Amino acid sequence: MEQLRAVFFRLTLLLLFVLSVSPQAAFAQTCSITIETNRVGNININNGVNSFTLHVNFGEVMDQSTLTVVFSQSIGFAFSGAPDVTWASDNKSCSIKYTVTSFADSNNAYDVYAEVTAKTTGQQDFSCESPLFQVDNKKPSCIVSCNPPTITPQTTGNFVITVRYNEEMDHAKAPDIAFEKDVTETLGGAPTSVWSGNDYTVTYPILPASQQRESPVNISVTNGYDKAGNVQNQGAGNFSIEMSRTVGVVSFVSAPGGGAHVNKQSTAFDIKTTYSGKMQEATVPSVVFDKSVTASLTETAQEWSGGGTAYTWHYTVQSASTQNETVEATVSGGKDIAGKDVDDSKGTFRIDFAAPTCQKITAPDVSKTTTNYTVTVTYDEEMSSAAPTLTIEPAEASAVFDASGGSWDATGKIYTAGFTVSRTPPGVYVPAAGIKVSGAADVAGNAQEEANRPFTVDQRDTDVSVSMNPSTIQSSSSSAVLTLTFNVNMDQTSTPTVAFDPSDMQGAITPGANSARWVDGKTWTIEYDLDKTKKVNIPDIDVTVSGARNADGETMSAVRAADVFTVNFLAPSCVVTFTPAVVLNETPTLTVTLVYDTEMNTASAPNITWGGILIYKPTFTNERFVWNDNKTCVFTYDIVDNDVQNPYILLTANSAESVAGNVQVESKAANLLVVDMLDFVVSATPSSPVINCSSSQLVITVGFNQPMDETKNDIISFPNFDPEGFITPVKTEWTGSNNMSAFVAEYAIHPDQPAGSTLTASVDVAVASVNNYLGRAYPGETVSSVFSAVSAPPDITGASAIEPQCYGIENGEIHITVNGGTNPLTYAWTKDGEPFTATEADVTGLGAGKYDVVIEGSDQCFATRSVTLTNPESVTLTAEVRHHLEKRDDGEIVLTASGGTPPYTYYMDNSPQGDQTGYTGLDAGIYSFEVRDANSCAALASAEVKNYQAPTIFTPNGDTYNDIFMEGHTVEIFDRNGTLIYKGDNGWDGRYQGQIVRPAVYFYIITFSEGYKKKGTIQLYKP
């Protein structure tokens, strides 16, 4: 492209010249040009001021004034001034030196040439073109890579950074490599570097004794230069350092409870720190509590154990005081085996000798429409797993409730109990029913205080249940009957009104003539005719009943029943089942049964499609089918034992037709077919359950591919983990059907591990030798599950606030105190429901508003807190002009301040005035005031003293001085006889009816622009 541009440029120059002169004046001679640059073959304007020189040889004596130089259009130069031209003494050659200061394109390279023309002293034309030379200001770029990308304790040898450039570089100038973080502990040795082509490599020795954790560590590469002297674009890369550090984990054991609670049952209490590596036993760590525990705990001994990997403090417990406190224990002062200090370790436990109380009981009123009833009890602390006792009184109200179960939430503080509400006996009305809560205990074993909640039971209104037979009206239906069953005896002279939603049945069902009737005192029916030619499918039709009267003459309120029936005259569908549902080694055949919801055309069979995962043919062969009746089609397959296992096989049926000619909708088997022709298989689920803040139970299921001897109920053990105090067995049972068996063990979880701890254990599920249904014994199989317990949510122990000092000023503060949680903790703030940019526990520079913070640990357990800051009363200031200027220096202003915090300090025109509020002797003008209260909260006000003076002498003689009286104000002038001789707002010029009045004293009334009126006299002197 550059060559094409050069050719075009030369042609353009030639054409312009030819068009401007006669044919005889065309260039007839040529010259030669050589180029001298400050860089060989390049001009680089990025590396200081650059210059180049054109050496031109004409071979003839030249006219110096005719010398011109034109560069190709792609040059993009900017010169510091005119070139320096030096002619040889014979005027046959010259040197033209250019100094380059800038370049139009800051990141590119060009091929450039120059066109030189001149005339001889005889006006003969000369023209020549220079060789191509390069202008290069293109910056090199690079890609940075690290090997290895992550340095771990297992990494040995060297760490290598490779910088790969996109062009040839100046190897004499090594680029600079900088790390974002201090990595001298890991890469503190002397590095070596080497160029290889366009690659620059730096090698660092890895120091094995380093102890740090940095991820990521960003790398920047700068100051590399290419051959043309252009400095590189910055390069970047990163790597991670994941070295080990000895850490301690604090745990607590209270006897006999075993957990991190000091309670009424406790006799001894241990605090134990378990370290991840061996410690120096000569250096004894210390434990410090954030609250005084001397009234409840007395230290008896302390000791190292575990070969220097654990340190334990032993205490006895005495219930000398009643308290419910979360205590943080900080262990510090240990040194690892290498002599390095170990970071502090923290954990929390609770001292609790106080009975829990119910903070709130939610028990809503019961109406005639209530069927499911929920009672929620909220306690002020975590409770044990035992459910409280809920007693409904009196007996008349209790008779309508049947308990349906209850459960605790993840925090252990909220218990939810469910009840079903019956209509027997009907019409129950108890305006003062109540629910009593008792019998629960907290995790420390303290029994709750009894609590009560009143509510109302009111079932007096007429109610009705609605049903349609059949509930699905389809092509096979002969009729449809709607039945209304009322809960009380009804007035049979009244007729219920029935409305459908959606109301448009498209004529598919219509009430039959004279088909509506009362069956008995509580039952009303209506039969509907069906038009099956209507191809409709209207699911989940609601029915609204209204208008009927009960036996007492009361008209019922409208009752809406949801999803009563469906009208479907569209394509048939079927239910697909497998016999057997599980194919094993001994299974000879497989039967697939399709049961349709309408009569079918038995001349053809539906299409069967197999799908799913891990299908290995041939497993099923010799497909055959038969219609057992006009709704049931049976397919049979022979089973070939090819030692495969297909646990997820799906069947889809389609294309069959009903007798009405409707093609069936695609139908899938309700369950997946399991094909297992392998030998005896044992599996356990879940394989790796995670116990988090909301977990309440652990269920381990051991599955077998054959029926087993269900008399054996002790087949699960935990050889590598002592579950005491963490999980409690609830129940074990055998389940399964057909050719499958499963053993299920359920455990209750007590997530009371200390905050910040993580407990991981391998659970070996050992299956004892178990007989299958054929009586064959199988040796014990082993499967493995792993579970982990994460820490409790952060505990917000305090929240303090400093209100804004002045109204509308943002200098308030909020300070949150948090114990526990799994670090790192994150803080998400909102103000008045909108996101707020603060991310720490302490927030300053706040204005009035409601602030909410969500504190979340790395394990996604969280706690919330709200704090509201309010504005103080604002300071206000008013400035009242008591007197305007009617004579010299008689203006007066009075200030009034309110709000804020007295005493007040006043300022006039930025000058302090102490407590002065009145200002007299003022000239006309605008005065500015400020008041500051005891907290330096300020308010501003201003007032203008108006000049309401008027002159006493008036000389309208045309000398432009005192010719107009009170211009700009409304003026009324009266003579001595009270005659109004002037009224206007342009000022009086001394005239009445066009003539200057005689000299005399005249009366005036002036109405100033603010509405103030002034009366007086003015003496008019003769002009």
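Start by selecting cysteine 806 and cysteine 937: they form a disulfide (a pair of cysteine sulfur atoms within 2.5 Å), with their sulfur atoms 1.7 Å apart. You are looking at a predicted model, in which local features need pLDDT of at least 70 and side-chain atom pairs count only at pLDDT 80 or more, while totals for chains, interfaces and linings use all residues. Residues are numbered from 1 along each chain as its sequence is written, and side-chain values use heavy atoms, leaving out hydrogens and water.

The angle about the S-S bond of cysteine 806 and cysteine 937 is -90 degrees, and the link is left-handed. Cysteine 806 and cysteine 937 are both buried (under 20% relative accessible area, with exposed over 50% and partly exposed in between; 1.4 Å probe, protein chains only).

Next, select cysteine 31 and cysteine 128. Here the sulfur atoms of the disulfide are 1.9 Å apart. The torsion about the S-S bond of cysteine 31 and cysteine 128 is about -70 degrees, so this disulfide is left-handed. Cysteine 31 sits in the loop between strand 1 (29-30) and strand 2 (32-37), and cysteine 128 in strand 11 (residues 125-129), so the pair links distant parts of the chain, 97 residues apart. Strands (E, at least two residues) and helices (H or I, at least four) are DSSP runs, numbered from the N terminus. Cysteine 31 is buried at a relative accessible area of 14%, and cysteine 128 is buried at 5%.

How many disulfides does a search of the whole structure find? It finds 2.

Now for the rings. Those of Phe, Tyr and Trp (its six-membered ring) pair if their centres lie within 6.5 Å; planes under 30 degrees apart are stacked, over 60 edge-to-face, and the rest tilted. By this rule there are 36 aromatic pairs. Select phenylalanine 52 and tyrosine 98: their ring centres are 5.4 Å apart and their planes at 20 degrees, so the pair is stacked. Phenylalanine 52 and tyrosine 98 are both buried.

Move on to phenylalanine 401 and phenylalanine 419, an edge-to-face pair at 5.9 Å centre to centre, with 80 degrees between the planes. Then select Phe252, Phe269, Phe289, Tyr315 and Phe349 together to see one aromatic cluster.

Finish with two charges over rings (NZ of Lys or CZ of Arg within 6 Å of the ring centre and within 35 degrees of the ring normal). Lysine 173 lies over the face of tyrosine 225, 4.5 Å from the ring centre. Arginine 932 lies over the face of tyrosine 907, at 4.1 Å from the ring centre.
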